[in-house]
Amino acid sequence: THGWRFDMRAEPTAVMGDRKLTYLKLQGEATAYLPLGRDARTVLAGRLHVGSIIGGRIPDVPTDRRFFAGGGGSVRGYAYQAVGPRLSDNTPQGGLSLVETSFEVRQKLTGRWGVVGFFDAGSVGSSSTPDFRNVRTGVGVGVRYDLGFGPIRLDVATPLARRKGDSPFQLYISIGQSF
């Protein structure tokens, strides 16, 4: 309900064998929580996540090492991994850079029940420099039920600029806060 958190990762990788590839995957995430009032019944929460793969190219960087965005823990309003470049058959391609941001207003209603309104935005780029030309945004609302160790959450979100293949809304059910 209050405070901040910062996480930074560096993952050097060397692929040997038939082909040789070395690259560095960098990621950083900052989150902040600001309670309004002494009882913290209303909390403003924010998150910024950035990433870059330096030294690799698509298709050389393995798909499971690329950045993806979209889904319940990322840019809500979009399907899992549906933000970013896509192949001709609409399959997510992944990218070499990532920028995601989320903003939530969390309101406690009773001892265990709460509601949340949120705005998420994100972009996945084909180069190691973050790409802000194709930012995807989603908005939504959610219900929280506190289990004692964390909430179970139900979120409904819609993309603000649908592309071909995007659903008009997404439903997410999870345990734990989105960030």
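β4 (97–108), β5 (113–125) and β6 (136–146) each give at least two residues to the lining of the largest pocket. The model is predicted. Within that lining, β5 supplies the largest share, 4 residues. The largest pocket is lined by 22 residues. T1, V43, R106, K108 and Q177 lie nearest its centre.

The second largest pocket has a lining of 18 residues. F68, A69, G73, S74 and E100 are the closest to its centre. Two or more lining residues come from each of β2 (21–36), β3 and β4. The largest share, 3 residues, belongs to β2.

The table sets out volume and lining make-up.

| Pocket | Volume | Nonpolar | Polar | Charged |
|---|---|---|---|---|
| Second largest pocket | about 230 Å³ | 5 residues | 8 residues | 5 residues |

Now to H49. This residue sits in strand β3 (residues 42–54). H49 counts as buried because its relative accessibility is 13%, and the cut-off for buried is under 20%.

Leaving aside residues up to four places away in sequence, H49 touches Q27, G28, E29, L98, V99 and E100. With Q27 there is a side-chain to side-chain polar contact of 2.9 Å. E100 is 51 residues from H49 along the chain, yet their C-alpha atoms are separated by 5.0 Å. E100 is also one of the residues closest to the centre of the second largest pocket.

Technical notes
Residues are numbered from 1 along each chain as its sequence is written. This is a predicted model: local features need pLDDT of at least 70, side-chain atom pairs count only at pLDDT 80 or more; totals for chains, interfaces and linings use all residues. Side-chain values use heavy atoms; hydrogens and water are left out. Buried means under 20% relative accessible area, exposed over 50%, partly exposed in between (1.4 Å probe, protein chains only). Contact means heavy atoms within 4.5 Å. A polar contact is a pair of N or O atoms within 3.5 Å; within protein, one must be able to donate a hydrogen and the other to accept it, and residues adjacent in sequence count only if both atoms are side-chain atoms. On a 1 Å grid over the protein atoms alone, a cavity is a set of points where a 1.4 Å probe fits but cannot get out, and a pocket is an open set with protein on both sides within 12 Å along at least five of seven lines; lining residues have an atom within 4 Å of a point. Grid points are joined across faces, edges and corners, and a volume is the space filled by probe spheres set on the points. Ala, Val, Leu, Ile, Met, Phe, Trp, Tyr, Cys and Pro count as nonpolar, Asp, Glu, Lys and Arg as charged, and the others, Gly among them, as polar.
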